[in-house]
Amino acid sequence: MTVLTIILSDHVNEKIQLKDLIVAHGETTATSIQTVVNSLCGTYVFDAIDMPIEAGVRSITDEANKLVYSYNTTSGFILMIDMRSLTQLYRAIKDHLAGLLLVVNNLTTLTALDLALKMQARVPFKTIAEQADQNYQIGVQYYEGFSQSPNILVSCISGMGISEKITEIIQPLLPEQIKVIPIDYATLKDKIKNQEWQYFSKTLFVLTTIDINEAVPFKHMNLYDLLDASGEKNLQAWLAKHMTKAQIDQFSQRLLRFFSKEGISERLTFLNPDVILKEVELINSKYENAYHLQLDGKIRLNLYMHIALMIERLMLHHSSDIKFEPHDQQEQQFFNISHGIFQPIETKYNIKLSNYELSLLYELFKQFIEQA
């Protein structure tokens, strides 16, 4: 048995984010295993493609590509296959992957069930890959970065939903060979902290909604810097080889619209934009008074976006369950001040800000607090 292991992220959200595809020879082999495993798990975990003996590899790879292209594979992708078509299938789908890969060769129902239960239990992809190495008595043979195509990574501290929306704005304006990949902020932060630069080997640049202050070997820009002439100039230089000036201008205008107050209002699902934005303005004002700050327009827009969407997310119970404790006295003081500032909001909307949510807010305020 052979496993090719590629590891992406230790961070897994409440829902199953890993994608899995079973491919096997026979009229119903793959779909039979899929049916058994999904039934035992009580939920839909695996997709499957049957490979009739007379079917050509090209028709199977075309079908696999359609499925893979429809997935968000940034959190990882597991491919299970029964025999020799592995190399051909991998080569056919690798350019459609936005994340990293675990390939299991020599498919069995028991192995599929083992992987499905780990995915359902939200075991991190890295752990799944390492345990596959140990439990199936096989070794790591392959390692790659986020994507095999030139790519632009988009990471927003306010959540994957914002990153995915920005991706939708950018992708149609770019050549087909350049992929725009939304990446979870916690994943980006973790890779930078551990200096895992191989993940960025094909990355043209990274767009974020919070500054990257560490020394990194790739180009990056805060999206709110597009409100400044310097930000637009950088974007023009980075994209000049790939887009016309008209396309770059269109891209900039769409993002500016997205990050305006009007754009923030359009992101809200059910909260009254006028009401919540007034409340968010008051929250910002309280932080400015507490720390004697005077934030500029683009920073305020970032905070409006983050806080308004955070409140709505908490109302819908979509907050992360990550456990977090303050790292130092300054962060603890920020948590204490924040609890006071948000107490009326928590009461009005029947929500509770976790330490993890407060840590994200602290990331946004930290550099200004330290400069005050």
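Student: In which helix is D114 placed?

Tutor: This is a predicted model, in which local features need pLDDT of at least 70, side-chain atom pairs count only at pLDDT 80 or more, and totals for chains, interfaces and linings use all residues. Residues are numbered from 1 along each chain as its sequence is written, and side-chain values use heavy atoms, with hydrogens and water left out. Helices (DSSP runs of H or I, at least four residues) and strands (DSSP runs of E, at least two) are numbered from the N terminus. The helix that spans residues 109–120 holds D114, and this is α4.

Student: Is D114 buried, partly exposed or exposed?

Tutor: Buried means under 20% relative accessible area, exposed means over 50%, and partly exposed lies in between (1.4 Å probe, protein chains only). The relative accessibility of D114 is 25%, so D114 counts as partly exposed.

Student: What distance separates the C-alpha atoms of D114 and I128?

Tutor: Along the chain, D114 and I128 are 14 residues apart.

Student: What percentage of the residues in the protein is buried?

Tutor: The secondary structure of the protein comprises 14 helices and nine strands. Of its 372 residues, the buried ones make up 53%.

Student: Among contacts with a separation of 6 or more, what share joins residues 24 or more positions apart?

Tutor: A contact means heavy atoms within 4.5 Å. Among the contacts in the protein with a separation of 6 or more, residues 24 or more positions apart account for 73%.

Student: How are α12 and α14 oriented relative to each other?

Tutor: Two packed helices are described by the angle between their axes and the distance between the axes. Axes are lines fitted to C-alpha atoms, for helices over the stretch in contact, and angles run from 0 to 180 degrees between N-to-C directions; angles under 35 degrees count as roughly parallel, over 145 as roughly antiparallel, 65 to 115 as roughly perpendicular and the rest as oblique. The axes of α12 and α14 lie 11 Å apart, at an angle of about 170°. That angle makes α12, relative to α14, roughly antiparallel.

Student: How many nonpolar residues are in the contact of α12 with α14?

Tutor: From α12 the contact draws I299, N302, L303, H306, I307, M310, R313 and L314, and from α14 it draws E357, L360, L361, L364, F365 and F368. Ala, Val, Leu, Ile, Met, Phe, Trp, Tyr, Cys and Pro count as nonpolar, Asp, Glu, Lys and Arg as charged, and the others, Gly among them, as polar. In this contact two residues are polar and two are charged, while the nonpolar ones number ten.

Student: Which residues does N302 touch, leaving aside those up to four places away in sequence?

Tutor: N302 belongs to helix α12, residues 297–315. Its relative accessibility is 6%, so N302 counts as buried. Not counting residues up to four places away in sequence, N302 touches T209, Y224 and L364.

Student: How is α13 oriented relative to α14?

Tutor: Helix α13 (residues 329–349) and helix α14 (residues 355–371) have axes that come within 10 Å and cross at roughly 110°. Relative to α14, that makes α13 roughly perpendicular.

Student: Is the pair of F200 and F218 stacked or edge-to-face?

Tutor: Rings of Phe, Tyr and Trp (its six-membered ring) pair if their centres lie within 6.5 Å; planes under 30 degrees apart count as stacked, over 60 as edge-to-face and the rest as tilted. F218 is buried, with a relative accessible area of 8%. The ring centres of F200 and F218 are 4.5 Å apart and the planes stand at 25°, so the pair is stacked.

Student: Which residues form one aromatic cluster?

Tutor: Across the whole structure, a search finds ten aromatic pairs. One aromatic cluster is formed by Y287, Y291, F334, F342, Y362 and F365.

Student: What is the phi of N350?

Tutor: Most residues other than glycine have a negative phi. N350 lies in the loop between α13 and α14, and N350 is exposed, with a relative accessible area of 69%. Although N350 is not a glycine, its phi is positive, at about 55°.
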